[in-house]
Amino acid sequence: MAVLPGGVQARVVVAYDLAQRLAAGNDVSRNADHWPGFRDGSLAVDGVLRQWAGPRNALNAEGEEHARLRAPIQAGLTPRRVREMTPVIETIVEEALNDLEILAADPGIVDLVPAFALRIPQQVVTRLMGVPSSRMGQFGRAATGLFDTSAGPADMQRSMDTVLALLGEMVAARRTRLGDDLVSDLIRAAGQGNDPLSDEELLAQLMLVVIAATETTVHAIGTLIVHLLTQPAQRALVVSGEASLEDALDESLRLQPPAASVPLRFAVRDFDDAASGQTFRKGEPILIHTAAAGIDPSVHTAPGVYDVRRPTRRKHLAFGHGPHVCPGAPLARREVIIAVSRWLNRFPKARLAADTQQLPQPPSFIANGFTKIPVRLG
Ligand code: HEM
């Protein structure tokens, strides 16, 4: 049991097998309608949990409603889209590396988070969505604001309103002329079937994508770089080709997933999980702890060790499991691999300019990674 912000008590699931069973089964739901008192306001839930559980988006829906809200997103994240985005990602990464090289000419210390790890997913999302070039700066700044944990509620609301307003403008523009971007894909797919999505629903799904695609990928890139910088023997295996960068990424996702947990699920009925002997009560909030499941000692030997050749490195839930499994995973993997492989080639002598223990982490039980990664590049 854990006490979450606002005093909410949630059952925390740390075992990999149980987490998989719950995420894939019908006994628990992401829909907060199953949380007694949440919708009618009689349960005092504010702040981060209301922000997560409140919106009517794919993440918080189940069954037919989930399929209806998720299908348009999935239609915009096809293998074809990932292929088409690949040269775009390559250009974004090369430009970021060129700028880093300019910084490297000065022997100072560079913080890789804003200069690289965050810049890549932000620019990828902007291009994926088809944000018009005149709006890119504004969109980028507001989208960054959504993740500024030091921002007060008013600033956070302003960022949220700006992103929503820009997304609204884009939906309106695309309704008159569809293009080749995720917003257009969503509009096309959302209009199909006999229950098309309203503009409000479309915006909620687009907002979900902006949030889901940025705050996660920044940590996937940053954490993989930190693992490789701090474990020279593991890095040597990757550089020599004895292990692939994909292996190194999976091991990084297992050991330190970008989302330590994604709140929240609720028991839809009283049920027993026979294999674990655990009993759940209807309405009970459940937090599947992705980070803990990745270091489950019944699945991995020496789970705390970063080992790119670990046979069980793919046994993690970093992208979720079951019907909500991340639809952006192939795109995210492509981004991380392009970014980190090119970074390794460009800066083979780079080293961390701080103790790993001292790297600041987000003050969050959701976001998991480093908020600053100071490095000397040359
Ligand atoms: C390394 C980067 C990423 C990680 C670690 C990640 C992780 C996750 C996780 C853990 C979930 C929840 C799964 C569950 O509830 O079981 C999720 C859902 C989602 N992700 Fe990602 N994600 C990443 C990148 C992306 C990208 C790039 C996009 C879009 C371009 C995206 C879009 C979504 C959406 C729309 C959902 C909700 C799906 C649903 O509930 O049906 N994610 N992601």
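The structure is a predicted model, in which local features need pLDDT of at least 70 and side-chain atom pairs count only at pLDDT 80 or more, while totals for chains, interfaces and linings use all residues. Residues are numbered from 1 along each chain as its sequence is written, and side-chain values use heavy atoms, with hydrogens and water left out.

**Exercise 1. The iron atom**

Find which protein atom is the donor of the iron atom of the ligand, and state where its residue lies.

*Solution.* Begin with the criterion: donors are N, O and S atoms within 2.8 Å of the metal (3.2 Å for Na, K and Ca), and sites may look incomplete, since water is not among the atoms. The only protein donor of the iron is SG of Cys-326, at 2.3 Å.

**Exercise 2. The shell around the ligand**

Describe how many residues surround the ligand, which helix gives the most to the shell, and which polar contacts reach oxygen atoms of the ligand.

*Solution.* A residue is counted if one of its heavy atoms lies within 4 Å of the ligand, and 27 residues surround the ligand, the closest being Arg-30, His-66, Arg-70, His-324 and Cys-326. By class, the shell holds 17 nonpolar, seven polar and three charged residues, where Ala, Val, Leu, Ile, Met, Phe, Trp, Tyr, Cys and Pro count as nonpolar, Asp, Glu, Lys and Arg as charged, and the others, Gly among them, as polar. Helices H3 (63-75), H10 (199-214) and H11 (217-230) each supply at least two residues of this shell, and H10 gives the most, with four. For the contacts, look for pairs of N or O atoms within 3.5 Å: a polar side-chain atom of His-66 lies 2.7 Å from a ligand oxygen, an N or O atom in the side chain of Arg-265 is 3.2 Å from a ligand oxygen, and a backbone N or O atom of Leu-59 lies 3.5 Å from a ligand oxygen.

**Exercise 3. Aromatic rings**

State how many aromatic pairs a search of the whole structure finds, and examine the pair of Trp-35 and Phe-38.

*Solution.* Rings of Phe, Tyr and Trp (its six-membered ring) pair if their centres lie within 6.5 Å, with planes under 30 degrees apart counting as stacked, over 60 as edge-to-face and the rest as tilted. The search finds four pairs. Trp-35 and Phe-38 are stacked, at 5.1 Å centre to centre and 15 degrees between the planes, and both residues are buried (under 20% relative accessible area, with exposed meaning over 50%). Trp-343 and Phe-347, with centres 6.4 Å apart, have their planes at 50 degrees, so this pair is tilted. Finally, Trp-35, Phe-38 and Phe-266 form one aromatic cluster.

Methods:
Buried < 20%, exposed > 50% of the residue type's maximum accessible area, 1.4 Å probe, protein only. Polar contact = N/O pair within 3.5 Å; in protein donor to acceptor, adjacent residues only side chain to side chain.
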